[in-house]
Amino acid sequence: SSSSGTAAAAAAAERHAVFELCVGRHLYHTAPSGRRRVGVASEFLTQAPPGTTIHFTYEANPAFQLPPSPSTPLLLVAAGTGIAPIRSFVHARLALL
């Protein structure tokens, strides 16, 4: 499966062999029983001890990247994608300054 990592996160992983994940634990109730359930991946990731090695694959999207010039203003909106891609962009931009 693919991770939600961006090209910036992938580049950071290649440079440092380590990167940060921002994971929200997914909790929900089934209908009609109302049984409490947890997301499989989010439960695993939020319960993993710090420093846990996790192997994954990802699909890079060359169109999903920062503008070439660090002086180009950014308006970043997390509309359904979560905050992780935005964090990657912010960290990549800060690295250029």
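L76 counts as partly exposed, at 32% relative accessibility; buried means under 20% relative accessible area, exposed over 50%, and partly exposed in between, with a 1.4 Å probe and protein chains only. This is a predicted model, in which local features need pLDDT of at least 70 and side-chain atom pairs count only at pLDDT 80 or more, while totals for chains, interfaces and linings use all residues. Residues are numbered from 1 along each chain as its sequence is written, and side-chain values use heavy atoms, with hydrogens and water left out.

L76 sits in the loop between α2 (40-47) and α3 (84-96). Together with L74, V90, L94 and L97, L76 makes a nonpolar surface patch of about 450 Å². Such patches are made of residues with over 30% relative accessible area and no salt bridge, with nonpolar side chains (Val, Leu, Ile, Met, Phe, Trp, Tyr) joined within 5 Å and like charges within 9 Å.

The protein chain has three helices and two strands, in the order α-β-β-α-α along the sequence. Helices (H or I, at least four residues) and strands (E, at least two) are DSSP runs, numbered from the N terminus. Of the 97 residues, 14% are buried. The accessible surface comes to about 7,400 Å², and 60% of this belongs to carbon and sulfur atoms; the areas come from the Shrake-Rupley method with a 1.4 Å probe, and for residues only the protein chains shown count as cover.

Between β1 (27-29) and β2 (36-38) there is a loop that holds P32. A cis peptide bond joins A31 and P32, with omega about 0°.

Helix α2 includes S42. S42 touches V23, G24, R25 and H26, leaving aside residues up to four places away in sequence; contact means heavy atoms within 4.5 Å. A polar atom of the S42 side chain lies 2.8 Å from the backbone nitrogen of H26.

Side chains of opposite charge can pair when their charged atoms come close. The side chains of E43 and R25 meet in a salt bridge at 2.5 Å, N to O. E43 lies in helix α2 and R25 in the loop between α1 (7-16) and β1, so the pair ties together parts that are 18 residues apart in sequence. A salt bridge is a side-chain nitrogen of Lys or Arg within 4 Å of a carboxyl oxygen of Asp or Glu, and by this rule the count is one.

The table lists accessibility by residue.

| Residue | Relative accessibility | Class |
|---|---|---|
| L76 | 32% | partly exposed |
| S42 | 10% | buried |
| R25 | 37% | partly exposed |

Conventions: A polar contact is a pair of N or O atoms within 3.5 Å; within protein, one must be able to donate a hydrogen and the other to accept it, and residues adjacent in sequence count only if both atoms are side-chain atoms.
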